[in-house]
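Please consult the sequence and the model shown below.

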Amino acid sequence: MTELILIRHGETDWNRELRFQGQVDVPLNEAGHVQAQRVADRLDAEPLQHLYCSDLLRTRQTAAPLAAARTPHRVIELPGLREQHFGRIDGMRVADIQAQHPGDWTDWLRFDADHAFEGGGESARDFYLRVQATLRQLALAHPGETLGVFTHGGVLDMIRRGARSLSLSGPRDGLVPNGAIGRVRLGSQGRVDILHWADARHLDGLPAQPVYSQARPTPQPMPGSLAERLAQRRRIA
């Protein structure tokens, strides 16, 4: 079996601005770099044979402090670990999507596993298949080893859904803070067992992160302003 220690990338300004980051190459902000160092300190004693990350800057920067403390100082970039591509709404705020692409926002609220946004977007199903194929690739390449894997909130959501046999058509119900750590075991025939999930104890004392529900919309009106209602639907990738 192969074990993966899974780390969500540190915070970016776009996390704070409530944007769909997707595959836009956004750097960590100051808080994100502090989180990355906390991750490195937390995992310093872990017997990791290899480090992997997506090829996006925010995961590479999150992995850098841990890699610098190890020999060899190498992180393997794996495009299969990238965040979901949201097509033409990549990089946009919720309010801007509503104003410029109201149909896209309506489609987003349906949580349809087979919907893909115009402009090269990935459906949740295609995204899930990409993530599962990447897990199989890692398991085949590293039997019996433990890997550190730096990736994105959406990728972690797909891993969790697969491990828990959850639908691809619903909103996320397992939030993972920036810089949080999980551990899974990859078994035969693609089985994934979650050993620990979304551990953020090493981030104690840092500023609180924005956390938003993806509760499925209902016919009943929701309390609060329009902005508050939109924020409850927001996905932070």
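In this predicted model, Thr-2 stands opposite Leu-186 of strand E5. Strands E1 and E5 run antiparallel and are joined by six bridges.

**Sheet**
- The sheet is open and has six strands, ordered E3-E2-E4-E1-E5-E6, with mixed pairing.
- Strand E3 (76–77) and strand E6 form the edges, each pairing on one side only.
- Strands of a sheet pair through backbone hydrogen bonds, in either a parallel or an antiparallel manner.

**Helices on the sheet**
- Helix H3 (residues 57–68) lies across E1, E2, E3 and E4, and runs at about 145 degrees to E4.
- Helix H7 packs on the sheet and touches E1, E4, E5 and E6; its direction makes about 135 degrees with that of E6.

**Helix H6**
- Helix H6 (residues 124–141) has 18 residues, which at 1.5 Å a residue should span 26 Å; the end C-alpha atoms are 26 Å apart, in agreement.
- Its buried residues include Phe-127, Arg-130, Val-131, Thr-134 and Leu-138.
- The buried residues of H6 pack against elements including strand E1 (2–8), strand E4 (146–151) and helix H7 (153–164).

**Leu-81**
- Leu-81 is found in the loop between E3 and helix H4 (94–100).
- Leu-81 has a relative accessible area of 3% and is therefore buried, the cut-off being under 20%.
- Beyond neighbours within four places in sequence, Leu-81 is in contact with residues including Tyr-52, Arg-130, Thr-134, Val-149 and Val-155.
- The C-alpha atoms of Leu-81 and Gly-154 are separated by 9.7 Å, although these residues are 73 residues apart along the chain.

Definitions and conventions. Residues numbered from 1 in each chain as written. Predicted model: local features only at pLDDT ≥ 70, side-chain atom pairs only at ≥ 80, totals over all residues. Heavy atoms only, no water. Helix = DSSP H or I, 4+ residues; strand = E, 2+ residues; numbered from the N terminus. Expected span 1.5 Å × (residues − 1). Buried < 20%, exposed > 50% of the residue type's maximum accessible area, 1.4 Å probe, protein only. Contact = heavy atoms within 4.5 Å. Pairing = 2+ DSSP bridges. Axes fitted to C-alpha atoms, helices over the stretch in contact; angles between N-to-C directions.
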